[in-house]
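Work through the exercises below with the sequence and the structure at hand. Try each task before reading its solution.

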Amino acid sequence: MSIITEVIENTRAIIKGMMTTVSYIPREKWTVQYPDEPVTLQPRFRGQHLLHVDELGREKCVACYLCAAACPSDCIYIVAADDPRPAEERTGVDERYAKVYNIDYGRCIFCGFCVEACPKDAITHGYNFELSVYSRADLLKTKDDLLITKQKQSPNYRVAFSDEDVDSEYKEV
Amino acid sequence: MAELIKVIINGQDFQVEKGARLIDACRENGYSIASFCYYADLALQASCRMCLVRIEKMPKLQTSCTITCTDGMVVTTESEEIEKARRGMVEFLLANHPLDCPVCDRGGECELQEMVFDWGDLEERFTERKNYAPEKFLSPVVANDSQRCILCKRCTRVCDEWMGEDAIEAGGRGAHTVIGTYGGWLNCSQCGNCIEVCPTGTLLDATYRHQTRPWELSRTTSTCSFCSDGCQLSVGSRRGEVMRVVARDRYVNGHNGEFLCIKGRFAHPFVNHEERLRTPLVRYKKGGRLVPTTWEEAVRFAAQKLQEVKDAHGGSAIGVVGSPRLTNESNWALLRFARDVLGTDKYTASEAFSLAPFFENLSAPLATHKDIRHAKTIVLIGGEPEELQPLTGKQVRQAVRNGGAKLVIFNSVPIRLKEQAAQFVHIRPGSEDAVVLALASPGDAEVAASKLGVEADEIGKASQIISETAGDVVLMFGGELSAEAQSVVAQLPAAFGEKEGRRFLLHPLPLFNNSVGVHDLGLMNGALNPLEILDAAGSEVRALYVAGGFLPAHLEGREGALSRLDFLAVQELFLTETAEAADVIFPAASFAETDGTFTNSDGLVQRVRQSIPPVHQSKPDWAITSQLASALGTDLGFQMSSSNIFLDIAHGVPAYEGLRYPLLKDESKPVQVKHALAGRRDVTAQLAELRRALESLDENAEKITETPPVGHELFKLGVLTSKVPQFHLLAAGNPEPESVLVSPLYQITLDPGLRREAAAGD
Amino acid sequence: MFIGAIGCEPLQLRRVSLERSRTLDVYRRNGGYEALRKVLDGMSPDDVIGEVKKSALRGRGGAGFPTGMKWSFVPKDSPKARYVVCNADESEPGTFKDRYLMERDPHLLIEGMLIAGYALGARVNYIYTRGEYRYLIEIMDEALEEARTAGLLGDRVLGTDFNCEIYTHTGAGAYICGEETALLNSLEGLRGHPRMKPPFPAVAGLYGCPTVVNNVETLTAVPDIIKMGGDAYKALGTEKSGGTKLWSVSGHVARPGVYELPMGYDDMEKFIMEDCQGITNGRQLKAVIPGGSSVYIMPAEDIIGRDVRMDYEGLVAAGSMVGSGGFIVLDDTVDVFESTKNLTEFYKHESCGWCTPCREGTDWLVKVFKRIESGGGRPDDAQLLLDIVDNIEGKSFCPLGDAAAWPIQSAIKKFPEDFRRHISNGASGDGGKEGLPTA
């Protein structure tokens, strides 16, 4: 092969490649300028968990331990307790509630089994994925960090972009 | 060997014992039959209709729990028809059953759940409104959710047949039948056996209510640390905390089956109580303060002090006191410490009474609780088993009610068991010895009868019942007997002579979980008994090393004794009266935190297994003793292993010869120690002594006519039970709260200063 | 209201219409206590049982078990006491014959019980009535006192060595206590739950002793059997069921009442249309429940022109049962769905709660009925009802479950239209919200 043919071939290849590149210039851009721009998340995205409350603001969790039992990475720790107060004054919807509810995000694999297992729709995956911390101990999130009422006040609280989302927002039941 | 008959189950021939129940025969031969209400050892119920089978030549499906196998019976246990029936029954049971498994404490170990997995349909066809009843409390320890009830009535049968209390019964009719109490509040011995046998979450342990879930618990089979019955129990713990205690097995076998009493079942919270001693404490100067310190420092200080006393007054100036609450291993370590390290003979155990004269003259084997259940005659002299040894009480009751045994009671108090008695001889208080005399030597019966305040022929009748028995005769006696009377009781079988088919068995009723153990090891054979040791404090005894505390009964009237000592080292769970006087306190591990063995009143050696790591900085008693011995320059050779100590016991104590931990592994086959049987002994000296004592009895003493209330001993607040809030309520008379919907603990505030008289055995 | 016999001489109803029929005086003047005299004057207990066996008398309480056979099951050599218990817990809807017998002729029952007591060696007998019959207890007690004064009861009956005492006892208003073992439990002071069989009461009944439990009508038949002889009594009826039977006729007939008919009376249509004077207001016959509420309902087409013989075999052949003889006639205004619902509510109310299928099944049935009634019917509801009933029938602890099941089974089968209409139209009511579960 002569050097001329080589030059022609290579030039053609470059032009072909550049044409692909150029053809993308007018098209819609998909790259998200995170963190300068917000990310849009799909409804089924599995982010940090949310612990839900009912219309009176009582925690829905009854500390049945099914999420902990379903968890393959053993990252959920619960201490159940008795709340003898009248129904309206209780912390939770039932007499039984979770005194402690911890999720260790150092272990969590975001598989969603806990959400599947929950008989009370008390735990769902939210859309917060910004979980990096400087200390490993901070990966242990307590009930205070997980409750939807608390998370809503946090700058990290996100919702999914589409209407299909049923889980991230408080929903009338 | 019972006669065998042929039964054809699902086309296969099987040989079964004649008279076997069909459901058992099927299950033994590998055909699972679902059932709720059938419960071995309880009256038949046949109400759940789950165990339906088809039997040839019989109309309709039959309940296999009510059918006795006959020769040539042709049974089908698996067919479309039967499956449909079972599915139908489960569907019915679920109809009004609230599906609140997430909040139900039984969820995860619920028989109904299991049954629904096997026989439930995927879809529920019952779409109507369910009958509703609120969850409520029946007592401080029993919670009740009647909606979940499937009316198998195991609870009512257990309450009636085991406990003889009939405290819970069904009320209402039809679909509105509920299990409840008379008057709405449970005034019974609060044994909680109804909770144990309940297949659903209808009756629940109120102390464990909403705490955790069954699969979160790690379960350890262990032995109860309260009375001398030595019930086997399963300790459920989670992350170093004892959450609950239940009986070991779901079906009746082993030593106590599913039976436990209030203490065994509900008194466990003392293990993780906040008042548990956290670190070793040292009082450097007499009259000074107890200061927390490290183990090294505490052991060093104790060793130094003991060495000082030993150097100054000799080893025999140091007393060592064990406890019938501790394991055999811990007591053996103390004994070895006393003998080999200190060289003192002033060792004893803080026991309420000594069984030494009894065991010395023992002429018949000890009765196990199984023997009691199948005995033909039971003689009870003194004692009150239903309060102090509840399992014995239950076995006696069942022997009478289900086994047709005759019960003869000699007691100064009309105890509750007398309802089961064929003969109740109501004697004057303090005259139990005279009963023994009258039984052993009929010649004295007449005089004794007048002193006892009974008709002359009452003793004769009792003797007649004993002599006419064909089968086992169990002689039981309580702590009221004197040393002489104990010797005579141990020789009583000889007084009745030999008879074909009759066997005498003896059964002492000591108060503590390891009373027989401390006796067997020889810890009670020291030079002084606990009272004498306290009396000698400051003179003969200059220093004391106490494991566990003295009993309140010992310290009564001897309050200053402990402060007269030069040095007192105590290992304890709590800051008790004894511990408060100590110069060094070692925090000891409770039964849930240590390995070892207890020997119960049957002479059964049973394993105590560690269920949680020792709380705070506590250590097992034997480990402390061993460490102290090392600090004093002697290695006891235990190599920090309780099984090594047990091996040492097996070498050192003849009755325990050949025993090893692996032999004690299967608690359904308990191992009895081989107490040496004395042949016929001459007891004339003891009889003479009893005769002398008889003369001094008051012939005009008033009899106690009132039956003591249920729980008068069980609910007493001791060192351990006072750590459980529910016991405070019970001790205060179990007041009914304003609302039964909320635990009485949240409603009733008791005066914290309210401490009743000390409990027997505490 | 008619009380009397049709097609035969009145036996049990011989005296009920007489003036002061309940007094000993009237009773004796009309042949009373002759049978007892005859028994005590030379018949052995075995002779008495033999006569009863010969008579082919069958239990009139509902099950129709041969009485002589039942009596012969009592062990002769048992050292225990023996009891005769009269089951006067007449609670079956539509049945009221025992009430008339006891109200108008109490001495007949006393005589029957004394003879039974003699035959079975019972020294203490009980009359157990339902709680609602408390006024009958007063009548019975009066009669017993009269008999006692006359030396007919107590020690040395009629001057012989025979001692027999009779006591009365009332229940507290539970249908289940008409079941013989539940009756015994109730009599002992326990909860009115049925007991396990075997052992049958004849072996271990009241207080664990051999006990015979017989219906009032059965026991009142005994004096006549003795008087006329077993064979003659049997000849009144058929080969398999002897004697006469009382029918409590109620419902939409012109002349309700207690009718004494010979066993094997031909035929049911004639009985309704002629003897009972037809249906009220000239309406059409729709159905008959011939033996108390627990038996299969018979539609008119199974009766009209079918020549239904009124005895145990005849009614079984016609698709129903004699039961307790509570003959309920329904005309064409009756909605069988509603009447079945009514009966089911009764069984739900009376289910004792011992066994699962009856307790939960009847509760469920009533809930389904109520839902359908309030307009929440669903297409598969009839099938659901049949499935529930199928799971109750034959699986319950005592016959109450079967009793609840049979009316529904037959009603759906024979009158599907009535059910279909209710299920499909959802016409009245709140559209079924009443029966629906809440969240």
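The model is predicted, so local features need pLDDT of at least 70 and side-chain atom pairs count only at pLDDT 80 or more, while totals for chains, interfaces and linings use all residues. Residues are numbered from 1 along each chain as its sequence is written, chains are lettered from A and ligands numbered from 1 in the order in which they are written, and side-chain values use heavy atoms, with hydrogens and water left out.

**Exercise 1.** Find the order of the strands in the open sheet of three strands in chain A, and state which are the edge strands.

Solution. Step 1: strands (E, at least two residues) and helices (H or I, at least four residues) are DSSP runs numbered from the N terminus. Two strands pair if DSSP finds at least two bridges between them. Step 2: the order in chain A is 2-3-5, and the pairing is antiparallel. Step 3: strand 2 (76–82) and strand 5 (140–141) of chain A each pair on one side only, and these are the edge strands. Step 4: strand 2 of chain A is joined to strand 3 (residues 96–104) of chain A by seven bridges. The bridge partner of A:Ile76 in strand 3 of chain A is A:Ile103.

**Exercise 2.** Is C:Glu350 buried or exposed?

Solution. Step 1: buried means under 20% relative accessible area, exposed over 50%, and partly exposed in between (1.4 Å probe, protein chains only). Step 2: C:Glu350 has 9% relative accessibility and counts as buried.

**Exercise 3.** Locate the two residues of the salt bridge between B:Asp535 and B:Arg558.

Solution. Step 1: the closest N and O atoms of B:Asp535 and B:Arg558 are 2.9 Å apart. Step 2: B:Asp535 lies in helix 19 (residues 530–535) of chain B, and B:Arg558 in the loop between helix 20 (552–555) and strand 24 (567–572) of chain B, so the pair ties together parts that are 23 residues apart in sequence.

Terms used. A salt bridge is a side-chain nitrogen of Lys or Arg within 4 Å of a carboxyl oxygen of Asp or Glu.
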